[in-house]
Amino acid sequence: MGKKRKHKWCSPMIHEARGYSRTLTYLSRDSLDVPPRSKAAIREKRVVKAHVNGRDFTFFKGKDRDYFLIRRLFCTCKDFEFNVVLRRKKLACYHLIATEVAERESAIKELRLSADEFYDIMYEIVLNGRSNILRKLLLKRR
Ligand SMILES: [Zn+2]
């Protein structure tokens, strides 16, 4: 009795942790399957590393939306939330793959931000899914 318990009994927290650890393992490998969308994003320099008071943060400038990422671990996009963490259909979203490859190839756009600018960008991304401040700064500081 009760020995047939499987994944459906896992708490959402454990489920999430498994999603993240799969992503971490996948992105840590040397050979990655790099989707064409990730390759295009690297070419177009959409991965942005922001330096804020001695710390680094990663943003991804999408075509319409922008994302905040934690390298190898997390992305604010819906694909990551649904297909990586909840449904476990994929190992990573294309933003995380693009970031990983761009880091390895040093193909990242760098940006120095004040703490206020960083806070405003995060606020816009969380609230609107896109940051006009980030876009403006990227244009200005090319
Ligand atoms: Zn993503």
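**Note on the predicted model**

1. Ala-17 has 13 C-beta neighbours inside 10 Å and therefore counts as partly exposed; the class of partly exposed lies between 12 or fewer for exposed and 20 or more for buried. Ala-17 sits in helix 1. The C-alpha atom of Ala-17 lies 8.1 Å from that of Val-85, although 68 residues separate the two along the chain. This and everything below refers to a predicted model.

2. Overall content. The protein chain holds six helices and five strands. Read from the N terminus, the elements follow the order α-α-β-β-β-β-α-α-β-α-α. The C-alpha trace spans about 65 × 30 × 30 Å along its principal axes. Of the 142 residues in the protein chain, 28% are buried. Taking contacts between residues at least 6 apart in sequence, 64% join residues at least 24 apart.

3. The five strands form an open sheet in the order 4-3-2-1-5, and the pairing is mixed. Strand 4 and strand 5 (109–113) are the edge strands; each has a single partner, so one side of each has no neighbour in the sheet. The next two points take the pairs in turn.

4. Antiparallel pairs. Strand 1 and strand 2 are antiparallel and share six bridges. Within this part of the sheet, Lys-49 stands opposite Thr-58 of strand 2. Strand 2 and strand 3 also run antiparallel, joined by four bridges, and Lys-61 has Asp-66 in strand 3 as its bridge partner. Both connections are hairpins: two residues lie between strand 1 and strand 2, and four residues link strand 2 to strand 3.

5. Parallel pair. Strand 1 and strand 5 run parallel, with five bridges between them. Here Ala-50 faces Leu-111 of strand 5.

6. Positive phi values. Asn-53, in the loop between strand 1 and strand 2, has a phi near 45°, which is positive in a residue other than glycine. Asn-53 is exposed because 9 other C-beta atoms lie within 10 Å. Lys-45, not a glycine either, has a positive phi of about 50° and belongs to the loop between helix 2 and strand 1. With 14 other C-beta atoms within 10 Å, Lys-45 is partly exposed. Ser-106, which follows helix 4, has a positive phi near 50°.

7. Helix 4. Is this helix enclosed or open to the outside? Eight of the eleven residues of helix 4 (residues 94–104) are buried, so the rest of the structure largely encloses it. The buried residues are Tyr-94, His-95, Leu-96, Ile-97, Ala-98, Thr-99, Glu-100 and Ala-102. Their packing partners include helix 1 (12–28) and helix 2 (36–43). On the sheet side, the buried residues of helix 4 pack against strand 1 (47–52), strand 2 (55–61), strand 3 (66–70) and strand 4 (74–75).

8. Glu-105 lies in the loop between helix 4 and strand 5. Glu-105 has 9 C-beta neighbours inside 10 Å and so counts as exposed, whereas Glu-100 within helix 4 is buried.

9. Helix 5 and helix 6. In general, a pair of packed helices is described by the angle between the axes and by the distance between the axes. Helix 5 (residues 115–128) packs on helix 6 (residues 132–140) at an angle of about 130°, and the axes are 7 Å apart. The two helices are therefore oblique to each other. Angles over 145 degrees would count as roughly antiparallel, and those from 65 to 115 as roughly perpendicular.

10. The helix 5 and helix 6 contact. Helix 5 contributes Glu-117, Asp-120, Ile-121 and Glu-124, which meet Asn-132, Ile-133, Leu-134 and Leu-137 of helix 6. By class, this contact has four nonpolar, one polar and three charged residues.

Terms used: Residues are numbered from 1 along each chain as its sequence is written. This is a predicted model: local features need pLDDT of at least 70, side-chain atom pairs count only at pLDDT 80 or more; totals for chains, interfaces and linings use all residues. Two residues are in contact if their C-beta atoms, placed from the backbone, lie within 7 Å. Two strands pair if DSSP finds at least two bridges between them. Axes are lines fitted to C-alpha atoms, for helices over the stretch in contact, and angles run from 0 to 180 degrees between N-to-C directions. Angles under 35 degrees count as roughly parallel, over 145 as roughly antiparallel, 65 to 115 as roughly perpendicular and the rest as oblique. Ala, Val, Leu, Ile, Met, Phe, Trp, Tyr, Cys and Pro count as nonpolar, Asp, Glu, Lys and Arg as charged, and the others, Gly among them, as polar.
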